[in-house]
Amino acid sequence: MIRSLPQSKGYAIGFKLYVLAYFTFLFAPLLVTCILAFNDSQFPSLPWKGFTLGWFTANLPERVGIFHDQINLDSIWISIQTAFFVTLLSVFVGTCAAFLFEQEDFRLRQLLYFLMLAPLVIPGVILGISILMFSTTLGIYFEEKWNLDVGLFRPGFWLVVLGQFSFISTLVTLVVSARLKKFDRTLEEAAMNLGANRFEVIWHITLKYLRPAIIAAGAVAFLMSFENFNTTLFLVGSEATLPINLYLQVRDGSTPVINAISFLLIVGTSMAALVNLYFSKKEV
Amino acid sequence: MKTEIKKQFRWGLLFFLTPVLLWLILLIVLPQIDLFVMSFRSENDAGEMVWSITNYLNFFHEPIYWLTFVRTATYSILVAFFTFVIALPVAFYITKVVKPRFQGSLTLLLLLPFWVSEMVRVYGWMILLRESGVINHFLLKLGLMTEPIEMLYRDSTMILGLVYTSMLFMVVPLISVLDSLDDSLIEAAYDLGANMWSILFKIIIPHATPGIVSGSIVVFMLTLGNYLTPNLMGGKNSLWFTEQIYNQFIASFNWNQGSAFGFLLLFLSSLVIWIGLKLSRQTLSKVVQ
């Protein structure tokens with residue numbers, strides 16, 4: 001049954017096979033995607049026609065590798081910029097929220113805490129359409145009232161940033177709060193007794209203590225933003241982020257360039273995951 | 001002295017409260033209210049916007065709308081159930097069966113695929129399953145089939161994709177809840193002659209209930225709101241409710257109808273979460289931790 005109990009051979013082998021099958025199920029799609037990025041064929045499918053780096057480096061009429069594929073490169077750059085701003089904003093606001101809910105006491109705290117959790121239970125699609133509608137409502141209002149045309153209210157880069165920020169901040173809040181809960185507040189009191197004011201204490205002591213959690217939360221925020229599809233779908237303007245761009249290409253038939261991009265993404269995110277794990281290990 | 005400290009604390013409160021309030025009010029509360037209000041507006045015969053419940057009536061009159069809604073809900077529950085059945089043995093293996101020194105690396109391996117974008121994972125399944133895909137290629141090579149078959153664009157493949165996508169959110173809570181299960185309980189039951197099934201149903205599952213509930217809620221909610229996987233892996237007949245919302249917004253440009261649909265989806269998802277929490281006597285703030 002468990003490791004301290006005797007177990008029959010059939011049970012042990014059966015269980016191992018099951019777990020093996022599970023891991024195959026987990027990794028098969030990713031491995032196949034990676035392997036086919038190097039297949040010398042015009043389609044992302046077998047048979048194997050030999051190894052090539054063409055889908056990364058080629059610049060021929062019938063085969064444009066990812067390093068020369070301007071549309072895909074642009075969308076990667078847009079995704080990086082989006083993720084950068086989302087991370088910046090959500091780490092700032094999320095950390096504020098963590099302090100607010102862990103260290104401050106005020107009326108309606110419970111209600112606000114509940115509201116802070118709400119983005120977790122609102123489906124991403126709904127967040128997307130509600131923000132799209134509200135910004136349009138605001139846009140019309142500004143236009144009619146003051147004859148102002150505010151670009152921010154139209155689908156586009158900043159609306160995507162705000163849409164992703166709206167739920168990623170909740171995750172940052174939860175990660176930072178979890179560490180702030182374990183903080184020994186007598187350290188703050190000691191610093192205050194020695195003459196520091198609240199902001200000096202936060203800057204020099206509490207934030208130093210929170211740093212691992214903030215870095216981890218920032219990494220998660222970056223990745224979540226980089227990969228977001230559901231909310232972005234409704235807010236995106238002419239500048240498509242990478243997941244949106246890939247979606248459009250896959251829907252209309254795909255070439256191994258998508259495998260090449262996927263390969264880079266898989267390698268990149270795995271490395272990011274390992275680095276993140278390293279930091280969170282250090283934290284313990 | 002005392003008043004001074006008090007005053008400083010209030011400044012701190014203001015500093016932290018302002019960004020949080022801006023975030024929650026401008027991006028969560030007001031948009032949701034706007035969504036709700038817009039869903040009760042529609043054009044009358046003269047082409048003016050008036051208050052009405054037409055959008056909701058449309059939903060009940062058109063079978064395609066409410067059938068899609070019911071289908072989406074049923075399939076989401078199915079997906080949550082399948083995910084649980086598949087994930088439980090894996091979580092049990094990692095926490096209780098495998099040698100402790102492999103535990104860390106197995107958990108890491110388990111989480112790794114979920115760092116990769118959902119788009120890439122769905123794409124991986126597409127090149128595995130489609131008519132010219134890898135699985136068909138091998139089945140033909142092995143002589144198990146003579147004609148390739150289209151495995152994509154069926155309800156079953158869509159469910160497979162959704163289960164795959166949501167797996168993480170079931171495995172992680174299950175691992176953490178099983179980790180806290182005392183081995184000696186299982187040992188005692190075993191010594192007293194309990195068999196595997198009674199240990200599973202009398203000890204493991206009751207202990208794991210908080211993890212099961214939070215995992216199922218998250219999986220259900222994410223599946224319900226998923227657009228990518230049903231759209232790319234499901235067929236023409238497997239319409240998902242989020243696709244109906246998308247069609248109203250982007251294709252028909254009927255935002256009022258779309259917001260009524262959106263609100264219905266939000267209502268359903270909140271209702272199921274609420275029922276799940278009530279049945280298991282938990283609170284939302286507990287579940288998210």
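Contact here means heavy atoms within 4.5 Å. By that rule, S39(B) touches S52(B), N55(B), Y56(B), N256(B), S259(B) and A260(B), not counting residues up to four places away in sequence. This is a predicted model, in which local features need pLDDT of at least 70 and side-chain atom pairs count only at pLDDT 80 or more, while totals for chains, interfaces and linings use all residues. Residues are numbered from 1 along each chain as its sequence is written, chains are lettered from A and ligands numbered from 1 in the order in which they are written, and side-chain values use heavy atoms, with hydrogens and water left out.

**Interface of chain A and chain B**

- The two chains bury about 8,700 Å² between them, 80% of it on carbon and sulfur atoms; buried area is the accessible area (1.4 Å probe) that two parts lose on being put together, summed over both.
- Helix 1 (residues 9–36) of chain A supplies 16 residues, the largest share of the side of chain A that touches chain B; helices (H or I, at least four residues) and strands (E, at least two) are DSSP runs, numbered from the N terminus.
- The contact takes 94 residues from chain A and 97 residues from chain B.
- Across the interface the rule finds 11 residue pairs in polar contact, both at pLDDT 80 or more; a polar contact is a pair of N or O atoms within 3.5 Å, and within protein one must be able to donate a hydrogen and the other to accept it, with residues adjacent in sequence counted only if both atoms are side-chain atoms.
- Between chain A and chain B the count of salt bridges is zero; a salt bridge is a side-chain nitrogen of Lys or Arg within 4 Å of a carboxyl oxygen of Asp or Glu.

**Buried residues**

- S39(B), in the loop between helix 1 and strand 1 (41–43) of chain B, is buried with a relative accessible area of 0%; buried means under 20%, exposed over 50%, and partly exposed in between (1.4 Å probe, protein chains only).
- The side chain of S39(B) reaches the backbone oxygen of F36(B) at 2.7 Å.
- T33(A) lies in helix 1 of chain A and is buried, at 0% relative accessible area.
- The side chain of T33(A) reaches the backbone oxygen of P29(A) at 2.5 Å, and the residues that T33(A) touches include Y123(B), G124(B) and I127(B).
- L233(A), in helix 9 (residues 232–235) of chain A, is buried at 9% and touches I244(A), Y227(B) and Y246(B), not counting residues up to four places away in sequence.

**Salt bridges**

- Over all chains, a search of the whole structure finds five salt bridges.
- In chain A, the side chains of E102(A) and K181(A) meet in a salt bridge (3.4 Å, N to O). E102(A) lies in helix 3 (residues 70–103) and K181(A) in helix 6 (residues 157–181), so the pair ties together parts that are 79 residues apart in sequence.
- In chain B, R71(B) and D155(B) form a salt bridge through their side chains (3.2 Å, N to O). This pair links helix 3 (residues 63–97) with helix 7 (residues 155–179) of chain B, 84 residues apart.
- K96(B) and D183(B) also meet in a salt bridge (2.9 Å, N to O), and K96(B) counts as buried at 3% relative accessibility.
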